[in-house]
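Subject: Structure handover

Hello,

Here is the structure I said I would pass on. Please open it next to the text below.

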Amino acid sequence: MTPRTAAPPAASAAVHRRPTPRRAPAARPASPFGFFEASVVRTARLGPSLVRITFGGERLGRLAGGGRDQSFSLFLPQPGQSEPVVPVGLGDGWFAAWRAMDPEVRAVMRSYTVAAQRPKAGEVDVDFVLHGDTGPATRWARRARPGDRVRLLGPVTPENKSVGFRPPAGTDRVLLAADETALPAVAGILAWLPAGVRVRAWVEVPRAGDVRPLPTAADAEVTWLVREDFRRHGAVVDAVRGAALPGETWGGAYAWLAGEAAAVRALRRHLVSERGLERGRVAFSGYWRLGASEEDLRTEALAGAA
Ligand SMILES: Cc1cc2nc3c(=O)[nH]c(=O)nc-3n(C[C@H](O)[C@H](O)[C@H](O)COP(=O)(O)OP(=O)(O)OC[C@H]3O[C@@H](n4cnc5c(N)ncnc54)[C@H](O)[C@@H]3O)c2cc1C
């Protein structure tokens with residue numbers, strides 16, 4: 001499995017949503033995705049490894065997230081640019097045009113989750129993992145200041161393919177396993193689940209200070225796995241492998257897995273092969289891959305599709 005990105009092209013065959021910009025040609029249905037201009041309103045540290053950046057924009061109130069793990073594509077300026085260079089106004093042609101541009105000029109495109117939104121205020125919150133200075137998005141987030149300009153490609157209707165958490169009707173048992181990149185998604189899923197659903201969740205974070213409350217009406221048991229510097233990524237895999245999950249209770253559960261690609265792949269294999277969960281009831285998504293940038297993954301996916 002390769003990680004997916006929230007933006008085209010599909011970086012994973014398994015779960016991919018393909019946002020395209022809003023357009024209204026006479027003969028075609030309107031796209032469920034549109035471009036939004038936005039700028040940083042404020043930033044707030046959530047813990048040692050995560051910063052919440054609030055974006056605001058005149059039209060941003062029209063971004064219609066479906067909650068849960070709603071993702072979108074974020075476009076960031078290159079160093080020295082005051083705004084991201086994105087070929088908008090081309091309908092579905094924007095992606096080919098963006099691909100054809102000089103990589104040092106075109107905007108950096110990365111996938112993120114809608115952590116919260118306040119449509120009346122035209123605000124969207126995004127929780128960025130600060131994973132060092134290795135990637136342009138984490139570098140940008142570390143230095144973000146009010147007024148910094150970005151663009152979002154996000155949903156204009158809550159019913160859109162960039163929501164991956166879709167338990168079948170009647171689901172009353174849910175398993176969640178994630179790392180810090182999928183913590184905003186786990187928070188969104190738990191906030192969305194109703195009372196009466198039993199949840200076992202495992203969330204791996206770099207530092208103890210990254211642990212935070214995850215409000216929910218569901219009957220949830222959340223296990224935090226604090227990596228600290230000396231532990232490798234993927235503690236969540238060992239934790240799920242070692243968990244008591246009696247088949248009679250959890251065998252028919254719906255599982256949602258997201259985080260580093262190899263860890264997600266190992267988790268999925270374990271749940272399907274060793275715990276007997278139905279393949280179709282395990283939603284999984286590699287949010288990133290150790291040693292590969294999102295750009296690398298996009299290139300790989302395009303080559304695979306060709
Ligand atoms: C649907 C979806 C939703 C996502 N939501 C969020 C979100 O809400 N918040 C969030 O922070 N991330 C989220 N991610 C993950 C995020 O898109 C990736 O971490 C992305 O690679 C970050 O871009 P970058 O420019 O910082 O690093 P890149 O340029 O893509 O990568 C540079 C290097 O950093 C490594 N790297 C990337 N991410 C991490 C990491 N987290 N820890 C350690 N090393 C890393 C790569 O392996 C590579 O070696 C999401 C991904 C998807 C597909």
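The model is predicted, so to speak of local features a pLDDT of at least 70 is needed and side-chain atom pairs count only at pLDDT 80 or more, while totals for chains, interfaces and linings use all residues. Numbering starts from 1 along each chain as its sequence is written, and side-chain values use heavy atoms, with hydrogens and water left out.

Strand β6

Helices (H or I, at least four residues) and strands (E, at least two) are DSSP runs, numbered from the N terminus. Strand β6 (123-129) is mostly covered, with seven of its seven residues buried. Buried means under 20% relative accessible area, exposed means over 50%, and partly exposed is in between (1.4 Å probe, protein chains only). Glu123, Asp125, Asp127 and Val129 point one way from β6, and Val124, Val126 and Phe128 point the other way.

β6 runs antiparallel to β2, to which it is joined by seven bridges; two strands pair if DSSP finds at least two bridges between them. β6 also pairs with β5 (residues 116-118), in the antiparallel sense and over three bridges. Four residues lie between the strands in the hairpin of β5 and β6, where Gly122 takes a positive phi near 65 degrees.

Helix α2

In α2 (residues 136-143), the buried residues are Ala137, Thr138, Trp140 and Ala141. These residues are on the same side of α2 because they cover an arc of only 160 degrees around the axis. The arc is that of the directions from the helix axis to the C-beta atoms. The buried residues of α2 pack against several strands, including β2, β6 and β7 (149-155).

Arg142 is also found in α2, but it is partly exposed, with a relative accessible area of 39%. Not counting residues up to four places away in sequence, Arg142 touches Leu130, Gly132 and Asp133; contact means heavy atoms within 4.5 Å. Gly132 is ten residues from Arg142 along the chain, and their C-alpha atoms are separated by 8.9 Å.

Helix α3

Helix α3 (residues 183-192) is mostly covered, with seven of its ten residues buried. Among them are Leu183, Val186, Ile189 and Leu190.

Regards
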